Amino acid sequence: MARMEISSARLPDVTVTAVVALLTVIGLVMAFSTSKLVSSGDEVKMVTSHFQKQLLFAAIGIAAYWFAAGVAPESLRRYSILGLVLTSVLLALVLWSPLGVMANGATRWLKIGPLPQFQPSELAKLVLVVFLADSLARRGPEKMKDFRFGFLPNLLIPGLPIALVALEKDLGTAIVMVSIICGMVFIAGARLKHLAGLILLALLGIAIEIIREPYRVRRILAFMNPEEHMLDSAFQLTQSQLAFASGGLWGAGIGSGQQKLFYLPEAHTDFVLSVWGEETGLIGTLVVIGLFMALTWRGITIGIRQKDPYRRFLAVGITAWLAIQAAINAMVVLGAAPTKGLPLPFLSYGGTGLIVTLAAAGLLAGLARPLEEPL
């Protein structure tokens, strides 16, 4: 009978669960707020279904959260290589098969038969974290100081899916994945000179990717001098900043924002924080930023408390991923970084992203349980 009782120790971490729940609810509120009109470039479409879809995605994501929170993280280790291979295959299918779906000039989605289309690059981030956690734990800090046998394999093996993501014209996700590697190998004890070389190599790769795509060059120029490009390359940035400025301290009220109607492209996805800022003001924006900071702090705390290296790296990797992606999105919409299509975790519209990030947060919440506790 005792084993049938549910104790608080067996439940997912309360802080992570509460923060993720609040962020997901805010995302649903924004999906509803932006469901009247969605602007994409010069085209404005009436949309009445994406709130219902996001509600369905959230329900699936919540189930994934609780399932992941109850799974022994060690059971994922045996599938880390297989997961990386399968994800790479899916990314290749996006690029070089009829199953790839193009939208907004980029091919990032996969449509298999009657199944809903999904974005393999979102899954690739979670798979990358699990692979690195296993790989770094097996090598240990001493071996990680060796460039050839410790440091290099953790760059070359994940390099294939990262390259495929970059070929999808998803530079933002590729940057997040490289940032995850940098954070995790640093925690694992890699030499600073090796890490510095990785960062320089990553910056060189980013520069090459920017130069080879003229629209990225235009975005950089617009970021450096937005006043001269208000009606073209800096239009999205300008409208985003206007949204925050219009919100003032307390905002115009949920559903009352104007920038989402005809001016702000991708208001329900990459720039959802701008809509939230206009409708809830500086106070609401600080609340969302504060929630992400609380999630980051709690994730770091959970990681520090882990005695098992694999669990520690898993917690650090998930936390770094969510924190870095949220920070980049916030910097873009506030005008502190060049415009780049990257969703805000838990808030932006999108089925694959919401489900995968909720599953990752569930893993993080489950790591708060002691290792010796039966699962």
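A residue counts as buried when its relative accessible area is under 20%, as exposed when that area is over 50%, and as partly exposed in between. With this in mind, 49% of the 375 residues of the chain count as buried. The model discussed here is a predicted one.

The secondary structure of the chain comes to 14 helices and 4 strands. Its radius of gyration is 21 Å, close to the 21 Å that the globule rule gives for 375 residues, so the chain is as compact as a globular protein of that length. Taken along the principal axes, the box filled by the C-alpha atoms is roughly 55 × 55 × 45 Å.

The surface comes next. The chain exposes about 17,600 Å², and carbon and sulfur atoms supply 70% of this area.

Turning to the interior, nonpolar side chains tend to be buried together in soluble globular proteins. In this model, the largest nonpolar core has 80 residues, of which Trp321 and Phe346 touch the most other members. Leaving aside residues up to four places away in sequence, the contacts of Phe346 include Val20, Leu23, Thr24 and Gly27. Other contacts of Phe346 include Phe292 and Leu295, as well as Leu354, Thr357, Leu358 and Ala361.

Two individual residues show how the accessibility classes work in practice. Thr107 is found in strand E4, which covers residues 106-110. Its relative accessibility is 19%, and because the cut-off for buried is under 20%, Thr107 counts as buried. Not counting residues up to four places away in sequence, Thr107 touches Val94, Gly100, Val101, Met102 and Glu168.

Leu282, by comparison, belongs to helix H12, which spans residues 272-304. With a relative accessible area of 43%, Leu282 is partly exposed, because this value falls between the 20% and 50% limits. Beyond residues up to four places away in sequence, Leu282 touches Gly248 and Leu249. The C-alpha atom of Leu282 is also separated by 7.0 Å from that of Gly247, a residue 35 positions away along the chain.

Notes. Residues are numbered from 1 along each chain as its sequence is written. Side-chain values use heavy atoms; hydrogens and water are left out. Helices (H or I, at least four residues) and strands (E, at least two) are DSSP runs, numbered from the N terminus. Buried means under 20% relative accessible area, exposed over 50%, partly exposed in between (1.4 Å probe, protein chains only). Contact means heavy atoms within 4.5 Å. The radius of gyration is taken over C-alpha atoms; the globule rule is 2.2 Å times the number of residues to the power 0.38. Accessible areas come from the Shrake-Rupley method with a 1.4 Å probe; for residues, only the protein chains shown count as cover. A nonpolar core is a set of buried Ala, Val, Leu, Ile, Met, Phe, Trp, Tyr and Cys residues joined through side-chain atoms within 4.5 Å.
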